[in-house]
Amino acid sequence: MSPRKLFRAVAFAEAVTWTLLLVGLFLKYVTETTEIGVRIGGGIHGFVFLCYVVVTVFTWVNQKWPAKTGVIAVVSAVIPYATIPVEKSLDHRGMLDGGWRLAAGGEEPHGFVEKVQAWVLRHLLLAVVIAVVAVAVVFSVLLMLGPPGEWFS
């Protein structure tokens, strides 16, 4: 899967999960009928949000985006549906073009971050398993902490 296809898929999924969360919030606070929508929609959205951040940073390194572009792409996940226009803008400007430059037979990595990315691209299955476990651990810790509004109360 190319950087473009991966980034586009996760940006779209992140926006879709915003819908799940917003529907859950509507059911909980407007209709006051159920909290289950927030639990399910919020959980799915939280997991996809973390995946989006990881994929965005991975794409940022691969595509050599300027820091401002990378930060905007990451922060867009916090604003409902903003990942879609950000993805469209990046694609329109050609900032998602090309393949994985640090994959086997590609460029030589420079610096720690590029070396990690090169290792991931050259050991993809193991890296995916490690990434899924890492995201699941972070997700579990965040679930144990509860909603962000309760972290400091």
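# Cores, bridges and a helix crossing

Visitor: Which residues make up the largest nonpolar core?
Guide: The largest nonpolar core holds 12 residues: Phe 7, Val 10, Ala 11, Tyr 52, Val 55, Trp 65, Ala 73, Ala 77, Val 86, Leu 90, Met 95 and Leu 96. A nonpolar core is a set of buried Ala, Val, Leu, Ile, Met, Phe, Trp, Tyr and Cys residues joined through side-chain atoms within 4.5 Å. Buried means under 20% relative accessible area, exposed means over 50%, and partly exposed is in between, with a 1.4 Å probe and protein chains only.

Visitor: Which helices each supply at least two residues of that core?
Guide: α1 (3-30), α2 and α4 (83-92) each do. The largest share, 3 residues, comes from α1. Helices here are DSSP runs (H or I, at least four residues), strands are runs of E (at least two), and both are numbered from the N terminus.

Visitor: Where does this model come from, and how are residues numbered?
Guide: This is a predicted model, where local features need pLDDT of at least 70, side-chain atom pairs count only at pLDDT 80 or more, and totals for chains, interfaces and linings use all residues. Residues are numbered from 1 along each chain as its sequence is written, and side-chain values use heavy atoms, with hydrogens and water left out.

Visitor: Back to Phe 7. What is Phe 7 in contact with?
Guide: Skip its neighbours within four places in sequence. Then Phe 7 is in contact with Tyr 52, Val 55, Thr 56, Thr 59, Trp 65, Glu 87, Leu 90 and Leu 96. Contact means heavy atoms within 4.5 Å.

Visitor: Thr 59 is in that list. Is Thr 59 buried or exposed?
Guide: Thr 59 counts as buried, because its relative accessibility is 0%. Thr 59 sits in helix α2. Not counting residues up to four places away in sequence, Thr 59 touches Pro 3, Phe 7, Trp 65, Leu 96 and Trp 100.

Visitor: And Arg 39, buried or exposed?
Guide: Arg 39 counts as exposed, at 59% relative accessibility. Arg 39 is also found in helix α2. Arg 39 and Thr 69 are 30 residues apart in sequence, and their C-alpha atoms are 32 Å apart in space.

Visitor: New topic. How many salt bridges are there?
Guide: The count is 5. A salt bridge is a side-chain nitrogen of Lys or Arg within 4 Å of a carboxyl oxygen of Asp or Glu. Side chains of opposite charge can pair when their charged atoms come close.

Visitor: What does Arg 4 pair with?
Guide: Arg 4 meets Asp 91 in a salt bridge, 2.7 Å from N to O. Arg 4 lies in helix α1 and Asp 91 in helix α4, so the pair ties together parts that are 87 residues apart in sequence. Arg 4 is partly exposed at 31%. Asp 91 is buried at 18%.

Visitor: And Arg 8, what is its partner?
Guide: Arg 8 forms a salt bridge with Glu 87, with the closest N and O atoms 2.6 Å apart. This pair links helix α1 (Arg 8) and helix α4 (Glu 87), 79 residues apart. Arg 8 is partly exposed at 27%, and Glu 87 is buried at 3%.

Visitor: Which residues are linked in a network of salt bridges?
Guide: Lys 64, Arg 101, Glu 107 and Glu 114 are linked that way. Take Lys 64 and Glu 107: their side chains meet at 3.9 Å, N to O. Lys 64 lies in the loop between α2 and α3 (67-75) and Glu 107 in the loop between α4 and α5, so the pair ties together parts that are 43 residues apart in sequence. Lys 64 is exposed at 52%. Glu 107 is partly exposed at 36%.

Visitor: At what angle do α2 and α5 pack?
Guide: Helix α2 (residues 36-63) and helix α5 (residues 111-122) pack at about 105°, with axes 10 Å apart. Axes are lines fitted to C-alpha atoms, for helices over the stretch in contact, and angles run from 0 to 180 degrees between N-to-C directions.

Visitor: Which residues meet there?
Guide: Phe 58, Val 61 and Asn 62 in α2 meet Val 113, Glu 114, Gln 117, Val 120 and Leu 121 in α5.

Visitor: How many helices and strands in the protein?
Guide: There are 6 helices and 0 strands. Buried residues make up 33% of the 153 residues.
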